[in-house]
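Here is a short briefing on one protein chain. Keep the model open as you read.

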Amino acid sequence: MISSCRAAELRNDRSGRPDEQFRSPAVPQLSPTFSTTMPLTIQRCASCGTELPERDARTSCPACGGLLALVHAPPAEQGAALRARFDARLRDGAGLVADAAGAARASGVWRFRELIMPGATDADIVSQPEGNTPLFHRPVVAAWAGVDALLLKHDGFNPTGSFKDRGMTVALTQARRAGARAVACASTGNTSAALAAYASLAGIAGLVLVPAPKSGAQQVALGKLAQTLAYGARTLLVRGDFDDCLRLVREGAEQLGVYLVNSINPYRIEGQKSVALEILQQLAWDAPDWIVLPAGNLGNTSAVGAALRDAVRLGLIARAPRIASIQAAGAAPFASAYRENFATQHRVKAETVATAIKIGDPASWDRATAVIREFDGVVTDVSDAEILEAKAAIDAAGIGCEPASAASVAGVRRLAREGVIRPGERVAAILTGHVLKDPGVLLDYHRADHAAPLVNAPIEVDATLDALARVMDAAAARA
Ligand SMILES: [Zn+2]
């Protein structure tokens, strides 16, 4: 099977026009004896095992509709040698942004390219660069969460302000390799911002499909699309609902050569693996006891698990951390299933202030279930009030994050109180988005009439030195 995939891949490479490369055949036809060399990467259906060549642009299994995952040949180096290669790139890549090759070398995603897209060349790579996000140590947030050692991996420090850039750099690289004429998704959030920025960088048309206003009422908040408009993606207000948008992007993928970069695109998951690899490298490959992350569509849980699997298998780390996936209580089908040992796959009507994880029917369910089982993981949920209080604590520490990100720290506090995270354990919590992603939630929280913890309402004063001194004294006493 692998060798026939290789044959199809080679045929793909040889087909003349980019369009033909893009729409590759459903079933590899060439003789399996064409080549016996294992390709660097194949795509394999997680449900039925069907394999596709690396550059096949379909993002779900043609046989059963299941999710595709990428399988890479093991790198030539492992253990200390592979760690040394990644560490050398970290040192050598610093400050290199002058050209495309420099961006690829400076990227916190492409540093780990052997585990993400081993066949990519510098000429293929579409990189801002991205990654290299800080791992903050904030004792005040650790104290709030009730743990001894808490590190905050802040992926809101990516170019468009969210972790989505890690997946999008790989997806747009793949779009370029596949000769795509356009990339598309149906999303109003961080995905469309990342799509727009990377499509612009790649010089490939970017399309974002959202429902048009219906009977005069907006179906999406256009403010959420601000970055998308700014970065130059074409935003289509489709006369229909979200299901129509999804159907349309799928049809465009099948018939027009549009490359779909929605959340199930397997190359996006590959890029998202890099957040876990960066945490391990920032800790000198001495893994934390826990990695805690917000959970909505479960792509990140899947990606972090896949990265840890690689890291253990290749000897990058001696032992794997446990994983804790944190859902918002109003959008917690995965947490419910966890409590029943994953006997049923739940669906809910999602409702939470944390819009980036407001998902009732997660796409990466099966992969994430396998990850939780494999890494002695836990899944729990936290209320919107807990999320907003955690957010206020993170914001007040001077770093800030979007609401969904704070679910991870709220989850740390809950698990510490329940005794699941034990005293002395080292915890890395992932923050997925920048504080300015959702200013509406912020301003609503810090109202003078809002009786929540950590409220910081603006103070109206007379234009006198006396009034200024009173506020200053109170602030200095609090600091
Ligand atoms: Zn399948």
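Two residues are in contact if their C-beta atoms, placed from the backbone, lie within 7 Å. This is a predicted model: local features need pLDDT of at least 70, side-chain atom pairs count only at pLDDT 80 or more, and totals for chains, interfaces and linings use all residues. Numbering starts from 1 along each chain, as its sequence is written.

**Core**
- Leu195 is in contact with Met168, Val183, Cys185, Gly206, Val208, Ala233 and Val261, leaving aside its neighbours within four places in sequence.
- Leu195 and Val412 have the most contacts inside the largest nonpolar core, which has 123 residues.
- A nonpolar core is a set of buried Ala, Val, Leu, Ile, Met, Phe, Trp, Tyr and Cys residues joined through C-beta atoms within 7 Å.
- Buried takes 20 or more other C-beta atoms within 10 Å of a residue's own; exposed takes 12 or fewer; partly exposed lies in between.

**Whole chain**
- The protein chain has 18 helices and 13 strands. These are DSSP runs (helices: H or I, at least four residues; strands: E, at least two), numbered from the N terminus.
- Of its 479 residues, 50% count as buried.
- Take contacts between residues at least 6 apart in sequence: 71% join residues at least 24 apart.
- The C-alpha trace spans about 85 × 60 × 50 Å along its principal axes.

**Thr344**
- Thr344 sits in the loop between α13 (333–339) and α14 (365–374).
- Thr344 counts as exposed because it has 10 C-beta neighbours inside 10 Å.
- Phe334 is ten residues from Thr344 along the chain, and their C-alpha atoms are separated by 9.5 Å.
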